[in-house]
Amino acid sequence: MTAEKDTLQRGPDGKLRHFLTVEGLDRAFLELIMDTADSFASVTEQTVKKVPLLRGKTIVNLFFETSTRTRTTFELAAKRLSADVLNVNIETSATTKGESLLDTIRNIEAMHVDMFVVRHAQSGAAHFIARHVAPHISVINAGDGRHAHPTQAMLDVYTIRKHKGDFHRLKVAIVGDILHSRVARSEIAALKILGAEEIRVVGPRTLIPADIQSLGVTVFHDLAEGLRGVDVVIMLRLQRERMTGAFIPSEHEYYASFGLTEGRLEQAAPDVMVMHPGPINRGVEIDSKVADGERSVILQQVSHGIAIRMAVMSMAMHHQGAGGVA
Amino acid sequence: MIDVPKVEDLLETLEEALRLEIERRALENPLMIGIHSGGAWIAEALHRRLEIKEPLGKLDISFYRDDFSRIGMHPKVQTSQMSFKVDGRPILLIDDVFYTGRTVRAALNEIFDYGRPSAVVLGVLLERNGREIPLRPDCRGGALTLSKGQRIKLMGPNSLKLSMHTV
């Protein structure tokens with residue numbers, strides 16, 4: 001499976017073709033993505049906040065599931081690279097009229113596009129599309145079901161690197177709804193690859209998958225214990241829309257046990273950084289004082305998301321060998 | 001065998017040429033920008049010698065190159081450092097070797113994405129034959145005629161030296 005993913009993601013020359021998951025990538029490659037993101041830092045200082053790298057390219061945001069932050073940062077990243085962007089919101093389009101996924105893809109392909117950024121509720125959707133698109137098209141996974149959200153994981157580790165420099169001595173706690181979270185899965189994979197010392201997952205039994213230890217993490221069901229001495233806390237959103245079973249007694253009770261407050265944060269290292277992929281539910285998984293506090297890097301994560309997405313898109317695009325004329 | 005000129009001699013000539021150009025065109029408080037990496041090394045020396053007040057600007061033109069599709073992303077792109085406003089200011093743009101002119105075109109495009117300078121003067125350490133677009137330096141330290149496969153490259157940053165090779 002890993003080998004198959006690798007040949008799917010990276011061409012024979014090792015260069016990125018599709019970006020579907022961080023699993024199976026090596027440390028040097030994740031660092032290359034972050035270094036490339038660094039090099040785009042000066043673009044936002046320009047009066048014209050654009051570089052002509054992907055001029056003449058068309059990128060399609062194919063979102064089968066709603067998202068504001070991910071879609072807009074992908075769109076902005078593409079525009080800063082001078083690509084043309086088409087936003088296709090499938091919820092309001094042909095699939096609701098019965099068109100199959102492949103038919104949708106074929107039709108958009110026929111419009112001579114160069115890249116798909118895909119968000120889908122089904123795990124494996126981006127892989128499926130990557131396997132079936134025309135060879136010149138790159139696919140970027142912007143979140144598939146419970147499986148992966150690789151650009152989110154990359155922007156998170158990029159934010160950590162900006163503050164901590166190195167991963168070796170880092171203790172990271174991922175707190176909340178691990179069960180439904182593709183973000184958690186991708187983050188664990190990325191942190192493992194980068195050599196974080198300890199990765200903890202913290203949450204109620206109902207929201208932590210039974211086999212999670214196999215990913216090399218330690219499980220805590222008590223927030224205070226889970227936070228003890230950690231350098232980074234990643235809070236996850238309580239995914240209300242996926243709470244169809246009796247996962248938690250009530251939001252109020254969830255907050256009482258797993259909500260991140262200033263008081264609870266005292267268990268962590270003094271220079272702990274607090275992260276959240278957004279959107280945040282204030283008073284459900286995190287207190288406003290923490291979300292807006294000095295240890296929070298939540299808004300930096302958003303800015304870093306643009307740089308990471310610029311890096312991934314420009315790296316994936318160039319394998320095509322066309323366009324990009326300044 | 002072609003004699004490779006000494007960097008120090010070229011620098012002196014270039015410095016003098018830039019002084020004359022600044023005077024002739026009455027450029028007030030010019031900014032200086034070096035193109036990564038060789039141009040930035042030369043610019044560092046000139047920035048000192050010409051006593052430019054503002055910090056030296058450095059451009060990495062990788063994102064503006066016209067051969068991105070052929071050679072792809074450079075593995076290590078430096079961040080451009082432009083800690084000043086270029087609007088309405090004269091700019092001394094510095095590179096090491098002027099060859100096809102494509103690097104300068106990319107640099108000009110990038111500079112104009114930062115703002116609208118009042119003038120741009122191009123100074124290069126060495127001009128060689130092989131122009132491919134209608135751009136040429138205003139000031140140069142020297143000139144060299146090379147055959148088609150010959151390349152000349154500035155080595156540095158410690159003890160700058162020109163080095164020849166054949167491709």
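Helix α1 (residues 7-24) and helix α2 (residues 38-49) of chain B pack at about 55 degrees with axes 11 Å apart. Axes are lines fitted to C-alpha atoms, for helices over the stretch in contact, and angles run from 0 to 180 degrees between N-to-C directions. Helices (H or I, at least four residues) and strands (E, at least two) are DSSP runs, numbered from the N terminus.

This is a predicted model, in which local features need pLDDT of at least 70 and side-chain atom pairs count only at pLDDT 80 or more, while totals for chains, interfaces and linings use all residues. Residues are numbered from 1 along each chain as its sequence is written, and chains are lettered from A and ligands numbered from 1 in the order in which they are written.

The contact between the two helices is made by L11(B), L14(B), E15(B) and L18(B) of α1(B) with A45(B), L46(B) and R49(B) of α2(B); two residues are in contact if their C-beta atoms, placed from the backbone, lie within 7 Å. By class, five of these residues are nonpolar, none polar and two charged. Here Ala, Val, Leu, Ile, Met, Phe, Trp, Tyr, Cys and Pro count as nonpolar, Asp, Glu, Lys and Arg as charged, and the others, Gly among them, as polar.

| Helix pair | Angle | Axis separation |
|---|---|---|
| α1(B) and α2(B) | about 55 degrees | 11 Å |
| α6(A) and α12(A) | about 120 degrees | 8 Å |

The contact of α6(A) with α12(A) includes M154(A) and Y158(A) from α6(A), and H304(A) and I308(A) from α12(A). Its residues divide into five nonpolar, six polar and two charged.

Chain A also holds an open sheet of four strands in the order β2-β1-β3-β4, with parallel pairing; two strands pair if DSSP finds at least two bridges between them. Strands β2 (84-89) and β4 (138-144) of chain A stand at the edges with a single partner strand each, so one side of each has no neighbour in the sheet. From one strand to the next, the twist averages 15 degrees. Strand β1 (residues 58-63) of chain A is joined to β2(A) by six bridges, and L62(A) has V88(A) as its bridge partner in β2(A). Helix α12 (residues 298-317) of chain A packs on the sheet, touching β3 (115-120) and β4 of chain A, and its direction makes about 145 degrees with that of β4(A).

Between the chains, 20 residues of chain B are in contact with 25 residues of chain A. Helix α4(B) gives the most to the side of chain B that touches chain A, with four residues. That side comprises nine nonpolar, seven polar and four charged residues.

Most residues other than glycine have a negative phi, and most peptide bonds are trans. The peptide bond from G278(A) to P279(A) is cis, with omega near -10 degrees, and P279(A) is in the loop between β9 (273-275) and α11 (288-291) of chain A. The bond from G156(B) to P157(B) is likewise cis, with omega near 0 degrees. A26(B) has a positive phi, near 50 degrees.
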